[in-house]
2 protein chains.
Amino acid sequence: MSETREQILEEIKIQGDLVRKLKAAKETKERIDEEVAHLLALKAKLGDGPATPQKFTLKTPKGTRDYSPQQMMLRQGVLDKIIAVFKKHGGEAIDTPVFELKEVLTGKYGEDSKLIYDLKDQGGEILSLRYDLTVPLARYLAMSKISTLKRYHIAKVYRRDNPAMTRGRYREFYQCDFDIAGTFDPMLPDAECVKIVSEVLDTLDIGEYVIKINHRQLLDGMFEACGVPADKFRTICSAVDKLDKSPWNDVRKEMIEEKGLDASAADKIGEYVRLNGGIELVSQLLADEKLKAVPSAVKGLENMQLLLKYCDAMGLSPKISFDLSLARGLDYYTGVIYECVLKAEPKIVQNGADAVEEQGAVGSVAGGGRYDNLVGMFDPKGKQVPCVGVSIGVERIFSVLEAKNVAAGIKTRTNDVEVYVASAHKGLHEKRLSILNSLWDQGIKAEHSYKLNPKLLVQLQYCEENQIPFAVVFGDSELTKGIVKLREVKTRKEDEVPLTELGNEIKKRLRN
Amino acid sequence: MSETREQILEEIKIQGDLVRKLKAAKETKERIDEEVAHLLALKAKLGDGPATPQKFTLKTPKGTRDYSPQQMMLRQGVLDKIIAVFKKHGGEAIDTPVFELKEVLTGKYGEDSKLIYDLKDQGGEILSLRYDLTVPLARYLAMSKISTLKRYHIAKVYRRDNPAMTRGRYREFYQCDFDIAGTFDPMLPDAECVKIVSEVLDTLDIGEYVIKINHRQLLDGMFEACGVPADKFRTICSAVDKLDKSPWNDVRKEMIEEKGLDASAADKIGEYVRLNGGIELVSQLLADEKLKAVPSAVKGLENMQLLLKYCDAMGLSPKISFDLSLARGLDYYTGVIYECVLKAEPKIVQNGADAVEEQGAVGSVAGGGRYDNLVGMFDPKGKQVPCVGVSIGVERIFSVLEAKNVAAGIKTRTNDVEVYVASAHKGLHEKRLSILNSLWDQGIKAEHSYKLNPKLLVQLQYCEENQIPFAVVFGDSELTKGIVKLREVKTRKEDEVPLTELGNEIKKRLRN
């Protein structure tokens, strides 16, 4: 099913016309570059060999980036802390393939399905890159016939979003999910997920936050009470979801003009969605004439009551807010929904074109909810496994912490080297190797210059620049006495140490 | 550029015919299933919505698999040990996107380029999944203008291999690479890579191994000395690479019949490639009349001499073998090449269709080499950054260790829970929550039943089945006294502990 040369030539012609048109219309550089890249890619299809020198922009794909050692060090530190919290709650790790059969993802993401990356049909199965970690979990549970699991999964997901439109977002990014699957009593696992989010945010120490909580059954009941027709529940829910970014008047307009809702119904919704509070708000709403006539609203409110009580038993009350404007975009939620928002938002400064993070855009750092019907969509007999979970928005957390480090002028080390083995004069490289070898075999992190005869000053400067705590320095005069000098890099203090004792002495000093 | 309905219907017709033909020809079930899956995928394209219940095989894509908590525990343990070795040698982590511009991968993998996964052209750039971690590293170095780096990278790579043909292999698998980039004196970084492979294999304790070493310049010189035309060096090198799986006679036949080499040249190669040994073999070959007339052969041998000397200084001599039959498949190597092979090969037993690992297939567990020209292929001015590195074959190592665990009847825990909080009778779930909350806040890994009123026996059985070391047991009678029972699960011994002291007492016991 590969294209013929003629087809490609035709595509090149069309694409060339498009580029010329964009240039004539003085479109943005980004837009033009993108289409030029596509044009070059099409041209590359014609001659597939390495014969001609490659001419293409040296870049990562749009919306993706490399992580430098500096960034990886920060990231690994953050992920280690998050994993520690997940493990504290009995989490077990799983992993799934980066792509799934396309059908697995079909019909799970509503309007966002257009953002799914498809693989080329190279014969065989039709595949797509995963869009989140929740649908693969549901597929895994159904396929493995597992009915109880507390699992965490940290991996990259893929969305063909337009990074220019939503600044600070990427097309490839980490998700960091904890989910509890199984048939249990109401709200006990749901409350633990709130606790987990709170612990993660506390351990990362990135500032004040509030965990907003709502319930899909209450939302549906509220829509019913306001006179929204049942077939408009999901689309009106999507509109409510935009309240974190848009003012009520815009959302109201969308409901009425785009989604065809009666103005009176929209106004009734408007009264509810401005409400937020604690357990007293639940009582107030349970007494609300309109809501108490709708069974699903009452059910949602009773669940909220239970959840808030459990959260209180875990000391979470000061950190949570029952918020009727919280809706969450995804179709598959069936019960409680969460979103954790940073209160004081640090200003994010990044390099390059997408430099300025829009104010407020960094707000949400975790989200999730209950999805009781997703696993059943995969089970051949429709057997359900109820699930609830949270996803930590690690990319935003990384951005916040990177900005903090930059602001504080912190330069983190990118490796853990403990000792540098330096030679004082020529001809000692094999001796360096044998000293290094002995240190490595004793589990000490050590390196040296890969030059035969490096200058001593250069070697010592390297230690200082790279914040290596110790240097071993030796020349023939030391070797004949069976000793080396052990130098503390920061203080430049040197002591003579017998070569046979070197490993132990370094270990002793590192412990202190 | 998306297909029209008519195009899809045409494709379905063609695919349907193919399936019928395969069935008539009684092709293997696997082959037929694959084409049926493709047919269903095409049919799914017609109706894209979630309206009809989904009908598709519940599976991961061909050549991929999920990792269960059991497998993840083993994997994480292995990776942690490998990372510790990489860090001991000053390694810094980087990460790159899972896909690259297609042009980045073009012309790097020789005959294997057909195995690259392409993404669908959804407008914008033409992308492919990474095939290894080496080409992305070279692209990263050129793009970031970095000329010195010791980096490790652990990530999945993608190859559209046929898993049925090469059993035990997958289309998605982990690579685990350490590379040293920079302009240094000969063989110092190259020798450290050998040391790293040796340390990894030693720390994983998976049995006896030998690290085979050869040199591309020596191979080229040897080909020249044997009368191979220069334009056939790479293709003859690919043939030599098959010697680890095929007997010499088959390789000889390929050289002569498929690749058009003179029989006399092939026979001369045959004499060299049976040689292996240590530093004495280098001296022998340096005295070889045919080789010493070829400058690149002499250069390669001198390099080998230096490498073997450095390896000896690090105590590696017993573990390495200078082996003239080692060729490595990839085009980009320019100097030393390595391959580490397990000596005694444990028998691998896996579940499912690909149950029996072919004898000898598990042999190679690491490989690598020097590639001095790859970065220059990406630099706009052709600036080179010489590199050398090794890749640890972690998938094979996982298989070997999984088989060992199965053979030894070892059941590894899949989580780290330290304490289970159990209630002795009804109505204690909120008290459980507050005890758990206090334990979590003290950093103790704890869980409980998500049932309101679980039976005590069920709770205690859960602890024993899941090898949780401690259980906290309490009822109203304990609570009124301000105590709980702390139970050692293995011995079933219980002690009364004041609730206020519980965290400290558990921590004390865990330390012992």
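In chain A, the mean positions of the 76 positive and 77 negative charges lie 4 Å apart. Here Lys and Arg count as positive and Asp and Glu as negative, with His and the chain ends left out; each charge is placed at NZ of Lys, CZ of Arg, CG of Asp or CD of Glu. The model is a predicted one, where local features need pLDDT of at least 70, side-chain atom pairs count only at pLDDT 80 or more, and totals for chains, interfaces and linings use all residues. Side-chain values use heavy atoms, without hydrogens and water, residues are numbered from 1 along each chain as its sequence is written, and chains are lettered from A and ligands numbered from 1 in the order in which they are written.

Now for the overall build of chain A. The C-alpha trace of chain A spans about 95 × 70 × 45 Å along its principal axes, and chain A holds 18 helices and 16 strands. These elements are DSSP runs numbered from the N terminus: helices are H or I with at least four residues, strands are E with at least two. Of the 512 residues of chain A, 53% count as buried, where buried means under 20% relative accessible area, exposed over 50%, and partly exposed in between (1.4 Å probe, protein chains only). Among contacts in chain A (heavy atoms within 4.5 Å) between residues at least 6 apart in sequence, 68% join residues at least 24 apart. Chain A exposes about 22400 Å², and carbon and sulfur atoms supply 52% of that; accessible areas come from the Shrake-Rupley method with a 1.4 Å probe, and for residues only the protein chains shown count as cover.

How do the two chains relate? Chain A superposes on chain B through a rotation of 180 degrees with 0.0 Å of shift along the axis, at an RMSD of 0.1 Å. The two copies are therefore related as by a two-fold rotation axis. The contact takes 107 residues from chain A and 107 residues from chain B. Since 100% of the interface residues of chain A are also interface residues in chain B, the copies meet through the same surface. About 9800 Å² is buried between chain A and chain B, with carbon and sulfur atoms giving 59% of it. In chain A, Leu58(A), Trp440(A) and Tyr450(A) lose the most area to chain B, together 9% of what that side buries. Buried area is the accessible area (1.4 Å probe) that two parts lose on being put together, summed over both.

A few local spots round out the picture. Lys145(A), in the loop between helix 5 (134-144) and strand 4 (149-158) of chain A, has a positive phi near 50 degrees without being a glycine, and Lys145(A) is exposed at 65% relative accessible area. Asp205(A), another residue that is not a glycine, has a positive phi of about 55 degrees. Asp205(A) sits in the loop between helix 6 (188-204) and strand 6 (209-215) of chain A and counts as exposed at 57% relative accessibility. Ile32(A), by contrast, lies in helix 2 (residues 29-46) of chain A and is buried, with a relative accessible area of 12%.

Conventions:
Copies are superposed by least squares on the C-alpha atoms of residues with pLDDT of at least 70 in both.
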